[in-house]
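Here are my notes on the model you sent over. Please read them with the coordinates open.

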Amino acid sequence: MKVLSVPVIAFVVAASLPANAKADASMAIIGGGTYRPLFPASKTSTAIAVRPFRLDRVPVTNADFLRFVRAEPAFARDHVEPVIAEPGYLGHWESADVLGAAAEPEQPVVNVSWFAARSYCAWRGGRLPTEAEWELAAAASRTAADGSRDPAWRAELVRLYGKPGPSRLPHVGAGAPNFWGVRDMHGLVWEWVYDFNNAITTFKSGSDGLRFCGTAGADARDASDFVAFERVALRSSLRASFVLKNLGFRCAADAGAEMHR
Amino acid sequence: MRLSFFCLAFAAAFLGAAGCRDRAAPTSTWEATPTLSASVAEPAPGASLYPLDVSLRDQDGADIKVDLFRGQPVIISMFFGTCPAACPLLVTNIKRMEASLTPEARAELRVLLVSFDAERDTPDRLRELARDHKVDPARWRFASATDEQARVLGNALGISFRRIENGMFAHDSVISVLDRDGRVVARADDLSADLGPLERTVAHLGLRHE
């Protein structure tokens, strides 16, 4: 027992932790790094330093969200305040606290607003990931922390994003884990992030109007990063009370924070 | 008025400089605090902001909630204190609306200005701002919010913001009128918007004693 391989240590530690912390295995540690936004806030802020953080290994499921709704009835669809979610919130569930045939427990929860998503994460002791955090985690391929320069990985992403949405959402966790052990970052559902409206995407602002010339590519960090454009386009079209049938979320936490499920 | 003239001059300069811009709608442009997208939340019609339970810290250092003026008509907006042009203009615009009211309607009105720069807009600094702008301390409240609470409020008001260099923020300058239950009943999306409809709304709300 003098020399333990890393996985064995991880197993022993997990087995000896209290239930609360053991559930935390649902989160992966994402090493810090640098995120280069597609549309930087300014010419001089092209890189955002991201500190190590924890991220759910899979998106929040219908079953997860049902536990939240039962604990916090203000977020049940028959009680939710209109400012928090538009009509259609959890509309695929059979009733306010029954999933029913159209919402399987292990499918990612969808039809949730940003306000409801952030409240769910806060209830668990966490928060929504920032755009920088989400993108950093999503930049990993199966084998590398940064797959952005790997042509094979990028081709696969384009294929995944181009796939028509399935008539029935797959269960979470069906996708292969990436470098960090996180699944379903691509190809399952779109995901809310904390600062989803960070990108400047209308023609409103004087300093940003020119950025969107050339089919929005003129000023972008990397005009060939097609799927990143798709994410920016989607996020910038959202409002915090919106619900969509293919928009879910996952939670993050600071590296030291205590989470519960 | 001198201040607004400067801002308009800036705006004109930027509009003139923009070459390849397909502007969907006439909008304002402010040099130090570029207006962010309008792609953020506007509450559904009839949605009160007050259930969001946003926590703020006011100019006296007191912990308050965004609904502290529940029962009164409220003008609400967001800003940051070190903002050189757009934010002073925001206050100027609100004071102008206030000045257009009858004394009775003005006595009913409350103003809540929330900074998303809690780090620098300490209670001391907020009190200083209130003094500098010579506003009625009984009816105006300056407050600041953590990044998270500011984002919740901003997402409900259609105000997005982000920190840019030199401690500045890029943000929307939206002025909203809340009715006595916290519902947004009128809004000006940018600083060049016609304030007439807001003035009329506030005047009308001021008449309704319930």
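1. **Ground rules.** This is a predicted model: local features need pLDDT of at least 70, side-chain atom pairs count only at pLDDT 80 or more, and totals for chains, interfaces and linings use all residues. Residues are numbered from 1 along each chain as its sequence is written, chains are lettered from A and ligands numbered from 1 in the order in which they are written, and side-chain values use heavy atoms, with hydrogens and water left out.

2. **Confidence in chain A.** The average pLDDT (the predictor's confidence in each residue, from 0 to 100) is 83 for chain A, and 77% of the residues score at least 70. Two stretches need care. Residues 1-23 of chain A stay under 50, with eight contacts beyond four places in sequence; contact means heavy atoms within 4.5 Å. Residues 201-218 of chain A also stay under 50, but there the model has 54 such contacts. Where pLDDT is low, the predicted coordinates should not be read in detail.

3. **Chain B overall.** Chain B has six helices and nine strands. These are DSSP runs numbered from the N terminus: helices are H or I of at least four residues, strands E of at least two. Of the 210 residues in chain B, 55% are buried, meaning under 20% relative accessible area (1.4 Å probe, protein chains only). Among contacts between residues at least 6 apart in sequence, 72% join residues at least 24 apart.

4. **The sheet.** Seven strands of chain B form an open, mixed sheet, in the order β2-β1-β5-β4-β3-β8-β9. Pairing requires at least two DSSP bridges. The twist averages 35° from one strand to the next. Strands β3 (74-79) and β8 (175-178) of chain B pair antiparallel over three bridges. There, Ile76(B) stands opposite Ser176(B).

5. **Helices on the sheet.** Helix α4 (123-132) of chain B touches β1, β3 and β5, and makes about 150° with β5(B). Helix α5 (147-157) of chain B lies across β1, β3, β4, β8 and β9, at about 125° to β3(B). Axes are lines fitted to C-alpha atoms, for helices over the stretch in contact; angles run from 0 to 180 degrees between N-to-C directions.

6. **A closer look at α5(B).** How many of its 11 residues are buried? Nine are, including Arg151(B), Leu153(B) and Asn155(B). Just after the helix, Gly158(B) takes a positive phi of about 80°.

How values were computed
Buried means under 20% relative accessible area, exposed over 50%, partly exposed in between (1.4 Å probe, protein chains only).
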